[in-house]
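This report concerns the charged side-chain pairs of the structure shown below and one of its helices.

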Amino acid sequence: MSDLLNYIVSDLTFQLPFSESFIQNALLNGLIYFLLAGLFYCLLWSPFQLKKNNRIQVKVTSTFTKRTIELLHSLSAVFIFALVDIMLIKAGQAGYTKVYFTHTGLLPFLTSVSLMILSHDAYFYWSHRLLHHPSLYRFHKIHHKSTDPSPFSAFSFHPVETLTESLFYVLFCVTIPIHVDGIITWQIIQQIDNCILHSGYEIYPSWLTSSPILKFKTTSTHHNLHHKRNKGNYGLYFTWWDRWGGTWIEDTDDVFEEVAKRGYKNE
């Protein structure tokens with residue numbers, strides 16, 4: 001996996017001029033995003049799969065037009081993320097960031113990726129909560145047009161929100177040493193998590209909430225309730241910020257268990 005990432009990033013992107021690097025990275029980011037979102041959409045949103053009992057919002061309110069709008073906004077976000085990626089890569093090559101390009105072992109790699117996930121979880125919670133402030137909500141409103149979210153709404157952002165998201169890994173990369181492969185690994189993890197949270201279906205087992213450790217993992221139900229009610233449950237990877245910050249939607253676990261226990265049997 002590491003060799004593959006090195007080939008994709010080092011051999012295909014680093015040696016190119018900025019404009020070519022940007023185009024190539026945008027195409028690569030877009031391919032990864034649309035493959036992941038498309039896979040989840042095909043698995044969960046096909047006409048046959050819509051009969052699944054583990055759909056969170058039973059009444060289907062999504063339309064082809066809504067999906068198209070989500071795709072267009074996601075395309076905009078992908079280009080902005082790609083631009084930030086290339087700027088960080090070039091800045092790293094020039095020594096202006098903490099991003100490095102020579103592997104130093106598995107432990108530093110795993111540590112930096114874990115730290116990036118935990119840091120992003122905190123940053124996302126507070127920036128997300130801030131975007132719900134009346135004076136800033138206009139930049140977040142686009143994302144909440146998807147009241148019945150699908151995997152394609154995961155990156156359906158206003159450009160200002162996309163830049164707000166991008167600011168996280170700019171700040172991280174100028175303060176914390178991380179290998180470029182670690183950034184890519186984090187990006188793939190957060191894209192998969194985003195697709196799950198916006199899937200519209202509950203894919204996690206009903207016993208998750210009773211697990212001493214796994215109960216802190218955000219579920220599709222957790223984020224779906226945020227879209228449906230437009231408040232609370234601001235967390236991304238974990239639920240502890242919502243619990244600590246007083247933004248936990250009280251019936252989240254009850255709704256999750258009710259949906260998850262339906263199973264995957266057809267109606």
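The side chains of Asp251 and Arg229 are joined by a salt bridge at 2.9 Å, N to O; the term denotes a side-chain nitrogen of Lys or Arg within 4 Å of a carboxyl oxygen of Asp or Glu. Asp251 lies in the loop between helix H9 (240–245) and helix H10 (252–260) and Arg229 in helix H8, so the pair ties together parts that are 22 residues apart in sequence. Helices (H or I, at least four residues) are DSSP runs numbered from the N terminus.

The model is predicted: local features need pLDDT of at least 70, side-chain atom pairs count only at pLDDT 80 or more, and totals for chains, interfaces and linings use all residues. Residues are numbered from 1 along each chain as its sequence is written, and side-chain values use heavy atoms, with hydrogens and water left out.

A search of the whole structure finds four salt bridges, including those tabulated here.

| Pair | Closest N and O atoms |
|---|---|
| Asp148 and Arg55 | 2.4 Å |
| Asp193 and Lys217 | 2.7 Å |

Asp193 is buried, with a relative accessible area of 6%; buried means under 20%, exposed over 50%, and partly exposed in between (1.4 Å probe, protein chains only). Asp148 is buried at 2% relative accessibility, and Arg55 is buried at 3%. By contrast, Asp251 is partly exposed at 26%, as is Arg229 at 36%.

Of the 18 residues of H7, 14 are buried, so this helix is largely enclosed by the rest of the structure.

Methods: Helices (H or I, at least four residues) and strands (E, at least two) are DSSP runs, numbered from the N terminus.
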